[in-house]
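Work through the exercises below with the sequence and structure at hand. Each task is followed by a solution in steps.

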Amino acid sequence: MSQQQQPQTQAIRLQTQKTAQMEHSTPLFLTSSFTYHSAEEMASAFADDSLDINIYSRFSNPTVDEFINKITALEGAEDGVATGTGMAAVFSTFMTFLSKGDHIISASAVFGSTHTILTKYLPKWGFEFSYFDMNQPETIEALIKPNTKILYVETPSNPGLDIIDLEYVAAICKKYKVLFVVDNCFATPAVQQPIKWGADLVLHSATKFIDGQGRVLGGVVVGRKDLIKELYLFVRNTGPSLSPFNAWVLSKSLETLYVRMDRHAENALELATHLQGHAKLSSVKYPMLLSHPQHAIAKKQMSNGGGIVTFELKGGIESGRTFLNALQMLSMTNNLGDSRSIASHPASTTHSKLSDAERAAVGITPGLIRISVGLEHIKDIIKDIEQALEKC
Ligand SMILES: Cc1ncc(COP(=O)(O)O)c(C=O)c1O
């Protein structure tokens, strides 16, 4: 029956089986392990790695499974694996599908810690990587080598809001039999479903819009059953599993994902439109502004522009500091995807480990401010940003 339901309904109604208590809200199975009726049942639970019996919460847990099942349905995937953080989802995916000597191609515009994995750790262990510019997807094909195993993108990217045509990249990956992995954290499945455009695996930092209230960390990867089975065995044995408590919070959060993303996007579009041409700013970026370089692609593959707006202060790094210090309501923190609007300065925080040249290559200029547009009344969000800009 759930197959016929709309995703907005599945986000609310998919859940573990009701217990004998007949609870209405979904239960939380906060248990490390599970028990058996007999020694024979226990022995059979261990006999097959993929058996559908709960053994231990590092392997599986009904609350975690509920969260996985929901994201799997919303992304249009076959199966999924949950992890303790978004970075655990990224790292586990790389470790499962790369073998020594393999090559990974990634957009250079990726989250700071993903960049660190690609540039610092993978080469140390004998993996090769190549970067391409999100604004030049025509350069991807020339980078593919016989040992290329993964092509990795974030779209929209953090924090540059670069967008890539998923269908175009998927066709290249299919031609060369390369695994196409997409970090869909900024859009969420409520806005964009990369599998529909040909992605093999989609991953998330559930810490962001999926939680939506800045409470817990989490990650998830969804995709084809055969791929997910390999990833599941990696996570089950190496241990970056999601806590059942966090899974319960995230699963409850999914009940409001679609309405939240609509309001985030509505507020973000209004803010971006308002700030365009502002005297203190040299640019404003939002996927649904006509001025966004990949606006046409955003219109094709995203149902709205999401909740992140960026702008460049004319006064550079000093203005960035003045702006943040002048804010009265917006939170100064580096998380995003919260009901509370957040301002951050990537050059001095999330991307501070990159060199100036590396930051410039991914569009992070000294005065770049990232606003995660929350669910407060848009008039209050604009008022606070306006008064802080006045002081710059
Ligand atoms: C696009 C993107 N991917 C991955 C991550 C990492 O997620 P986590 O902090 O849950 O490990 C982040 C965190 O900001 C992110 O923005």
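Predicted model: local features only at pLDDT ≥ 70, side-chain atom pairs only at ≥ 80, totals over all residues.

Residues are numbered from 1 along each chain as its sequence is written.

**Exercise 1.** Describe how domain 1 touches domain 2.

Step 1. The chain is divided into domain 1 (2-30 + 61-254) and domain 2 (257-390), with bounds from an automatic or database domain assignment.

Step 2. Contact (C-beta atoms, placed from the backbone, within 7 Å) joins 31 residues of domain 1 to 34 residues of domain 2.

Step 3. On the domain 1 side, two or more residues each come from helix H1 (7-13), helix H5 (112-124) and helix H9 (244-254); helices are DSSP runs (H or I, at least four residues), numbered from the N terminus. H5 gives the most, with 3 residues.

**Exercise 2.** Characterise the largest nonpolar core.

Step 1. Such a core is a set of buried Ala, Val, Leu, Ile, Met, Phe, Trp, Tyr and Cys residues joined through C-beta atoms within 7 Å, where buried means that 20 or more other C-beta atoms lie within 10 Å of a residue's own.

Step 2. The largest core has 107 residues, and Ala268 is among those with the most contacts inside it. Helix H10 (residues 257-275) supplies the largest share, 9 residues.

**Exercise 3.** Identify the closest residues around the ligand.

Step 1. Of the 13 surrounding residues (C-beta atom, placed from the backbone, within 6 Å), the closest are Thr85, Gly86, Met87, Ser205 and Thr207.

Notes
Buried ≥ 20, exposed ≤ 12 C-beta atoms within 10 Å, placed from the backbone. Contact = placed C-beta atoms within 7 Å.
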